[in-house]
Each structure stands twice: as C-alpha cells, then as structure tokens.
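Please read the numbered points with the coordinates open.

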Amino acid sequence: MRYGYARVSTNDQDLTLQIDALEKADCSVIRKEKVSGTKLDNREELNTLLDFIREGDELVVTRIDRLARSLRDLQNIVHLLNKKGVNLVATDQPIDTSTSAGKAFLDMLGVFAEFETNLRRERQAEGIKKAKANGVYKGRKTSIDRRIVQEMRDSGLGATAIARQLNCDRTSVYRVLR
C-alpha cells in the first residue's frame with residue numbers, strides 16, 4: 001500500500017500541489033499537516049503514519065524537505081522505515097530507497113535540506129542583530145501587564161500564584177519582577 005505525506009510549515013500555506021502529486025502517485029491514504037519540519041515534535045500525522053505503516057508499504061512524499069529539515073531526523077525516519085521493511089519514495093525527486101541510487105540521492109538531499117535550514121537561521125540571526133544595533137528590534141512585547149504583576153506581588157502573592165491567576169508562565173512573572 002502507498003501512503004502519502006504532505007506538509008507545509010504554516011497555516012497560510014497551501015497543500016494542494018502536494019496532495020495532487022500524491023493522488024497521481026496512487027497513494028491510498030494521504031496524511032497532511034501544517035507544522036514546521038525542523039523538528040519531529042508535534043508532527044502528529046507523520047507519527048501516526050510511522051506507527052501504522054507496515055512491511056511492504058511505501059511512504060510517498062513530494063520532496064524530502066517535506067519529510068524532514070534535519071539530517072538527523074531524516075536518517076532516523078529512514079532507519080525506522082528500513083527496520084519496518086518500508087520504502088521511501090519522492091515524486092519530484094529521484095528518490096526510491098529500494099534502489100542504491102535512490103538511497104544515495106536521499107542522503108545528498110538530506111544534507112542540502114539541513115544546510116538550507118542552517119543558512120536561513122543564520123540570516124535571521126544576522127537580521128535581528130542588525131535591527132537591534134539600529135534600535136529597531138526590541139524583542140517580543142510583554143504578554144502581561146507589569147502594573148498588575150507588581151500590585152499582585154505587593155499584595156503578598158508569590159510568582160507561582162501570580163502566574164496561575166494571569167494564566168502565564170512563571171518565568172514571565174520573574175522577568176517583570178526583576
């Protein structure tokens with residue numbers, strides 16, 4: 001059986017092209033999600049597929065970066081699939097782990113996917129550093145009112161109680177009280 005997996009990073013991105021390609025690839029089931037691919041955390045649809053898929057099945061994606069953005073995550077997924085006797089296939093790339101060439105190409109693309117992610121992080125960090133130097137970037141706005149936190153503290157409440165009442169993280173309360 002062929003199982004498809006489609007992923008985009010944000011809710012405002014569209015899955016239509018991936019779903020169309022997976023349908024053309026004769027996938028019986030297509031799981032889709034809108035979540036970052038930089039980590040495997042919170043990837044419920046992918047984890048469901050990885051738990052459910054059985055020997056002789058194929059996991060189909062349009063491109064490897066839809067599956068993982070980290071070489072380590074990609075290797076872990078491929079290792080799990082190999083242990084289960086499942087092949088990985090990409091519709092838009094010459095990847096089919098049932099062949100030697102497909103396995104080699106998979107490894108190369110995994111390296112480039114991680115490289116692209118690292119470049120993006122570096123550019124973002126450089127942009128933030130430049131914005132801070134120019135006084136433009138001030139960081140995230142506080143999510144809680146400093147005056148309310150101080151009043152609650154003055155009335156004898158501790159940080160944990162304040163955080164519970166304001167429905168926020170205790171570290172946010174500590175940051176305000178500094």
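1. Leu 40 is placed in the loop between S2 and H2; helices (H or I, at least four residues) and strands (E, at least two) are DSSP runs, numbered from the N terminus. With a relative accessibility of 23%, Leu 40 counts as partly exposed. In this note buried means under 20% relative accessible area, exposed over 50%, and partly exposed in between (1.4 Å probe, protein chains only). Apart from neighbours within four places in sequence, Leu 40 is in contact (heavy atoms within 4.5 Å) with Leu 46, Asn 47, Asp 73 and Ile 77. The C-alpha atoms of Leu 40 and Leu 67 are separated by 9.3 Å, the two residues being 27 residues apart along the chain.

2. On the basis of the analysis: this is a predicted model, in which local features need pLDDT of at least 70 and side-chain atom pairs count only at pLDDT 80 or more, whereas totals for chains, interfaces and linings use all residues. Residues are numbered from 1 along each chain as its sequence is written, and side-chain values use heavy atoms, with hydrogens and water left out.

3. The sheet is open and is formed by five strands in the order S2-S1-S3-S4-S5, with mixed pairing. Its edge strands are S2 (29–34) and S5 (95–96), each of which pairs on one side only. Two strands are taken to pair if DSSP finds at least two bridges between them. Helix H2 (residues 44–52) packs on the sheet and touches S1 (2–8), S2 and S3 (58–61). The direction of H2 makes about 150° with that of S2; axes are lines fitted to C-alpha atoms, for helices over the stretch in contact, and angles run from 0 to 180 degrees between N-to-C directions.

4. Which residues cover the two faces of S3? Glu 58 and Val 60 lie on one side and Leu 59 and Val 61 on the other, and all are buried. S1 and S3 run parallel and are joined by three bridges, with Glu 58 in S3 as the bridge partner of Arg 2. S3 and S4 also pair in the parallel sense, over four bridges; here Leu 88 in S4 is the bridge partner of Leu 59. By contrast, S4 (residues 87–90) and S5 pair in the antiparallel sense over two bridges, and Ala 90 stands opposite Ile 95 in S5.

5. The structure holds seven salt bridges, a salt bridge being a side-chain nitrogen of Lys or Arg within 4 Å of a carboxyl oxygen of Asp or Glu. One of them joins Glu 58 and Arg 2, whose closest N and O atoms are 2.6 Å apart. Because Glu 58 lies in S3 and Arg 2 in S1, the pair ties together parts that are 56 residues apart in sequence. Glu 58 is buried at 18% relative accessibility, while Arg 2 is partly exposed at 23%.

6. Glu 33 and Arg 43 also meet through their side chains in a salt bridge (3.9 Å, N to O). Glu 33 lies in S2 and Arg 43 in the loop between S2 and H2, so this pair ties together parts 10 residues apart in sequence. Both partners are buried: Glu 33 has a relative accessible area of 9% and Arg 43 of 0%.

7. A further salt bridge links the side chains of Arg 63 and Asp 65 (3.3 Å, N to O). Arg 63 is partly exposed at 31%, whereas Asp 65 is buried at 15%. Arg 63, Asp 65 and Arg 66 are linked in a network of salt bridges.

8. Most residues other than glycine have a negative phi. Asp 26, in the loop between H1 (16–24) and S2, has a positive phi near 60° and is exposed at 59% relative accessibility. Asn 167, in the loop between H6 (159–166) and H7 (170–177), has a positive phi of about 55° and is exposed at 71%.

9. Met 108, Phe 112, Phe 115 and Leu 119 make a nonpolar surface patch of about 410 Å². Patches are made of residues with over 30% relative accessible area and no salt bridge, like charges being joined within 9 Å and nonpolar side chains (Val, Leu, Ile, Met, Phe, Trp, Tyr) within 5 Å. Accessible areas come from the Shrake-Rupley method with a 1.4 Å probe, and for residues only the protein chains shown count as cover. Phe 112 is placed in H4 (residues 100–133) and is exposed, with a relative accessible area of 54%.
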